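This report describes one protein model, part by part. Please look through the sequence and the structure before reading on.

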Amino acid sequence: MADKLIIFDTTLRDGEQSPGASMTKDEKLRIARQLERLKVDVIEAGFAASSNGDFEAVQSIAKTIKDSIVCSLSRANDRDISQAALALKSAQQGRIHTFIATSALHMEKKLRMTPEQVLEQAKLSVRFAKNLVADVEFSPEDGYRSDEDFLCRVIEAVIAEGATTINVPDTVGYAVPELYGQFIKNLRQRVPNSDKAIWSVHCHNDLGMAVANSLAGVMIGGARQVECTINGLGERAGNCSLEEIVMAVKTRKDYYGLEIGIDAKHIVATSKMVSQTTGFVVQPNKAVVGANAFAHASGIHQDGVLKARDTYEIMRAEDVGWSANKIVLGKLSGRNAFKQRLQDLGVQLESETDINTAFSKFKELADRKSDIFDEDILALVSDDSVTQGQEQFSFVSLSQRSETGEKPFASIVFKVQGQEVKSESEGNGPVDASLKAIESFVKSGAEMVLYSVNAISGSTESQGEVTVRLQNSGRVVNGVGSDPDIVVASSKAYLSALNKLQSKSDRVAAQG
Ligand code: KIV
Ligand code: ZN
């Protein structure tokens with residue numbers, strides 16, 4: 001039987017470390033459910049000790065998810081590990097992932113510890129974790145830039161303490177495929193007890209080689225777990241992208257010869273959910289999940305594909321879930337049809353009240369837009385007002401005026417802790433006027449570092465999906481809003497970002 005390649009998804013932990021990608025507990029839970037549907041083997045749900053919010057998110061994911069292993073990151077100390085174990089208490093299958101840096105640079109400059117102290121700390125931490133859970137993963141942070149002899153000593157020691165997975169991160173994305181693959185191979189050959197653990201790769205994409213490096217770690221090095229994120233989300237240039245790894249291994253099974261448990265037809269829905277939740281738009285030419293990934297524009301290609309699909313297609317769009325882009329519902333659709341569609345899309349709303357709110361939003365949208373696509377429904381349920389009625393700021397209504405030669409003007413009504421307020425402003429354009437009207441009331445002082453508009457489903461009848469990224473006192477958050485009127489979508493996105501600025505608590509960074 002072919003070996004299995006374990007897919008370890010870290011969208012909710014390493015992906016979330018991307019500035020602005022922070023998610024609420026409910027958003028994380030929704031994504032975790034979708035990852036379970038996708039049949040991800042391990043979900044790294046967060047870093048429980050980093051903040052109360054992360055602790056609660058890991059805890060609720062651990063309570064809910066049954067089919068995937070739920071994992072929490074923790075630094076190599078007793079407090080972090082205890083917090084991780086506590087958050088994972090109700091997990092059907094829980095894993096603690098503990099890490100400590102092992103490169104000379106990190107040990108000396110960041111940890112200010114000697115190699116012997118790091119070795120001792122790594123051993124003690126795995127021993128401590130092993131007393132709390134059976135499934136313990138260890139990562140030597142900046143492993144790829146670590147001294148090979150030292151790394152062998154650390155890995156041998158932590159396996160002897162009971163670590164069941166050894167993950168070798170290329171934390172800074174410095175590796176190249178052949179060297180990284182060879183590095184993993186050397187470690188596996190040199191560590192005497194290497195066969196007692198599963199080896200894992202964790203690559204960052206700073207040189208655009210995270211997927212290639214991970215595959216080399218698998219093929220040359222013999223790793224059997226890949227750590228990755230949906231859409232390659234992650235700090236700086238991101239992490240290894242799940243959809244690319246999965247489809248490479250599935251499409252080239254002739255070469256890789258590995259089994260993979262992922263149900264690929266949920267890939268596109270998962271990608272859209274992550275993108276709509278975080279506001280990180282997927283580039284159109286992104287492999288597998290980009291809008292153009294299966295679009296043949298040239299006449300020669302179109303002609304070829306019509307005659308025989310495999311002339312230019314190596315994968316089928318529907319196998320990764322692209323057929324989902326069809327008209328699903330309209331003005332006459334009832335609540336049951338809507339509920340069924342939510343279920344088909346993997347969206348589970350917490351309560352009947354949430355379903356009712358979403359359904360009345362759907363009806364409002366259907367009055368304004370004849371064709372409702374799956375993307376519209378996903379955008380609708382990502383809307384703060386559907387799932388998080390307790391938010392500080394929420395949109396009510398807007399009117400704006402813009403005429404050639406006149407200064408654009410907007411008047412907006414929104415709620416602040418349940419109380420309606422009205423604010424007006426002029427601006428360079430209607431969007432600018434609307435956001436200035438909100439800001440002149442709220443006075444957040446936040447700096448806008450990104451504003452982007454994306455058409456959810458192609459045509460001008462489509463809903464606009466707006467991302468607003470705000471920065472304030474070192475915190476960066478993304479707000480997302482959607483509506484057929486992009487001025488309204490922009491205002492919702494701005495209010496959503498303000499909500500996140502209010503609620504996001506300070507947290508410890510994993511690589512801090
Ligand atoms: O990139 C990295 O080194 C990490 C570790 C914490 C596993 O994300
Ligand atoms: Zn990482």
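## A parallel pair of strands

In S3, Gly-46 has Ser-72 as its bridge partner. Strand S2 (residues 42–46) and S3 run parallel and are joined by four bridges. Two strands count as paired if DSSP finds at least two bridges between them. Strands (E, at least two residues) and helices (H or I, at least four) are DSSP runs, numbered from the N terminus.

Strand S3 (residues 69–75) is largely enclosed by the rest of the structure, because six of its seven residues are buried. Buried means under 20% relative accessible area, exposed means over 50%, and partly exposed lies in between, with a 1.4 Å probe and protein chains only.

## Basis of the model

This is a predicted model, in which local features need pLDDT of at least 70 and side-chain atom pairs count only at pLDDT 80 or more, while totals for chains, interfaces and linings use all residues. Residues are numbered from 1 along each chain as its sequence is written, chains are lettered from A and ligands numbered from 1 in the order in which they are written, and side-chain values use heavy atoms, with hydrogens and water left out.

## The zinc site

The zinc ion (ligand 2) has Asp-14 (OD), His-202 (NE2) and His-204 (NE2) as its protein donors, at 2.0 to 2.1 Å. Along the chain, these donors follow the spacing D-x187-H-x1-H. Asp-14 lies in the loop between strand S1 (4–9) and helix H1 (25–37), and His-204 in the loop between strand S7 (198–203) and helix H8 (210–219), so the pair ties together parts that are 190 residues apart in sequence. Donors are N, O and S atoms within 2.8 Å of the metal (3.2 Å for Na, K and Ca); water is not among the atoms, so sites may look incomplete.

Asp-14 is buried, with a relative accessible area of 0%. His-204 is also buried, at 2% relative accessibility.

## Helix H8

Helix H8 is mostly covered, with eight of its 10 residues buried. The buried residues of H8 include Ala-210, Val-211, Leu-215 and Val-218.

One open sheet has three strands in the order S12-S13-S14, with antiparallel pairing. Its edge strands are strand S12 (393–401) and strand S14 (419–426), each of which pairs on one side only. Neighbouring strands of this sheet are turned by 20 degrees against each other on average, direction ignored. The angles rest on axes, which are lines fitted to C-alpha atoms (for helices over the stretch in contact), and run from 0 to 180 degrees between N-to-C directions. S12 and strand S13 (residues 409–416) run antiparallel and are joined by eight bridges. Phe-393 stands opposite Val-416 in S13.

Another open sheet has three strands in the order S15-S16-S17, again with antiparallel pairing. S15 and strand S17 (475–483) stand at the edges with a single partner strand each, so one side of each has no neighbour in the sheet. The twist from one strand to the next averages 15 degrees. Strand S16 (residues 464–472) pairs with S17 over nine bridges in the antiparallel sense. Val-468 stands opposite Gly-479 in S17.

## A nonpolar surface patch

Met-448, Tyr-451, Val-453 and Ile-486 form a nonpolar patch on the surface, with about 310 Å² of accessible area together. Strand S15 (residues 447–455) supplies the largest share of the patch, three residues. Met-448 is in strand S15 and is partly exposed, with a relative accessible area of 36%.

Patches are made of residues with over 30% relative accessible area and no salt bridge; like charges are joined within 9 Å, and nonpolar side chains (Val, Leu, Ile, Met, Phe, Trp, Tyr) within 5 Å. A salt bridge is a side-chain nitrogen of Lys or Arg within 4 Å of a carboxyl oxygen of Asp or Glu. Accessible areas come from the Shrake-Rupley method with a 1.4 Å probe, and for residues only the protein chains shown count as cover.
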